[in-house]
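Colleague: Before we go through this model together, could you show me how to read its features one at a time, giving the general idea and then the case at hand?

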Amino acid sequence: MPFTLAQFVKLRPFAWHLTARSNLPLIQRSRTLVSAERLAGPSTMLREPRRDVMPVKHDGQTVLLRDQKPLRAEQTIFEGGWGIDDLLAAVNGHVFFWPGNADAPIAMGRNHFRCYAGDVALRVPMPALLAANGEPKFCAFNSGAPSARARSRRGPTTFATAHAFERTAGAVKELVFEHTATLPTFEIIDSTPA
């Protein structure tokens, strides 16, 4: 069920992003989030899910890329000709946000944040994020964590525009921008939102 960006912003007025504390100086200086693909370059290390944090050099600083432990091909049903390489390219080629309100991201985002205690959250007003970056794509699940209970589907429609999204705005679990996302304004939240 397609929705408008105005409907989405009304429902989810803030976007949340989790990052390693050591990544903050570069983010604060550049006011930009950069995809793993752009940070690591044409690395062969991005051809399989990262099983641990991966340090890479970017703009003279070491940046820590999050592990991808939950991303498992055996838990995935690939559609539209996709395979694990396509899913990895899609995940590594985007910058991710959890939608939410001023207090916290949606429940799925809060669960993700608890897995990475010690990291910091960035809270960005949704209207400012969209004004700076244009229309994102949306996902109805945690794209990088196929369900262990039931095999999850991934393919060309994993990320969709609001117009092509097949569910309501309330079903959005992630919003993504390809390669980079400008942060016109943001707050650093040191503790994990409850």
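Modeller: Let us begin with burial: a residue is called buried under 20% relative accessible area, exposed over 50%, and partly exposed in between, using a 1.4 Å probe and protein chains only. Strands (E, at least two residues) and helices (H or I, at least four) are DSSP runs numbered from the N terminus. Bear in mind that this is a predicted model, in which local features need pLDDT of at least 70 and side-chain atom pairs count only at pLDDT 80 or more, while totals for chains, interfaces and linings use all residues. Residues are numbered from 1 along each chain as its sequence is written, and side-chain values use heavy atoms, with hydrogens and water left out.

Colleague: How many residues of strand β1 are buried, and which of them lie on each side?

Modeller: In a regular strand, side chains alternate between the two faces of the sheet. In β1 (residues 14–19), 6 of the 6 residues are buried; Phe14, Trp16 and Leu18 lie on one side and Ala15, His17 and Thr19 on the other, so that both faces are covered.

Colleague: Which strands form the sheet, and in what order?

Modeller: Two strands are taken to pair if DSSP finds at least two bridges between them. Here 6 strands make an open, antiparallel sheet in the order β8-β10-β6-β1-β7-β12. The edges are β8 (137–139) and β12 (187–189), each of which has a single partner strand, so one side of each lacks a neighbour in the sheet. From one strand to the next the twist averages 35 degrees, where axes are lines fitted to C-alpha atoms (for helices over the stretch in contact) and angles run from 0 to 180 degrees between N-to-C directions.

Colleague: How many bridges join β1 to β6, and over how many does β1 pair with β7?

Modeller: Antiparallel strands β1 and β6 are joined by 3 bridges, with phenylalanine 14 opposite glycine 100 in β6. The antiparallel pairing of β1 with β7 extends over 6 bridges, and alanine 15 has valine 124 of β7 as its bridge partner. Further along the sheet, β6 (residues 94–100) and β10 (residues 174–178) run antiparallel and share 4 bridges, with histidine 94 standing opposite glutamate 178 in β10.

Colleague: What counts as a salt bridge, and how many are there by this rule?

Modeller: The rule asks for a side-chain nitrogen of Lys or Arg within 4 Å of a carboxyl oxygen of Asp or Glu, and the count comes to 5. One of them joins arginine 29 to aspartate 59, with the closest N and O atoms 3.1 Å apart. This pair links helix α2 (residues 24–30), which holds arginine 29, to the loop between β3 (54–58) and β4 (61–65), which holds aspartate 59, across 30 residues. Both arginine 29 and aspartate 59 are exposed.

Colleague: Are aspartate 119 and arginine 66 buried or exposed?

Modeller: Aspartate 119 and arginine 66 are both buried, and they form a salt bridge whose closest N and O atoms are 2.8 Å apart. Aspartate 119 sits in the loop between α5 (107–115) and β7 (120–125), whereas arginine 66 sits in the loop between β4 and β5 (76–78), 53 residues apart.

Colleague: Which strands hold glutamate 187 and arginine 123?

Modeller: Glutamate 187 belongs to strand β12 and arginine 123 to strand β7, so their pair ties together parts 64 residues apart in sequence. Glutamate 187 is partly exposed, at 41% relative accessibility, while arginine 123, at 14%, is buried.
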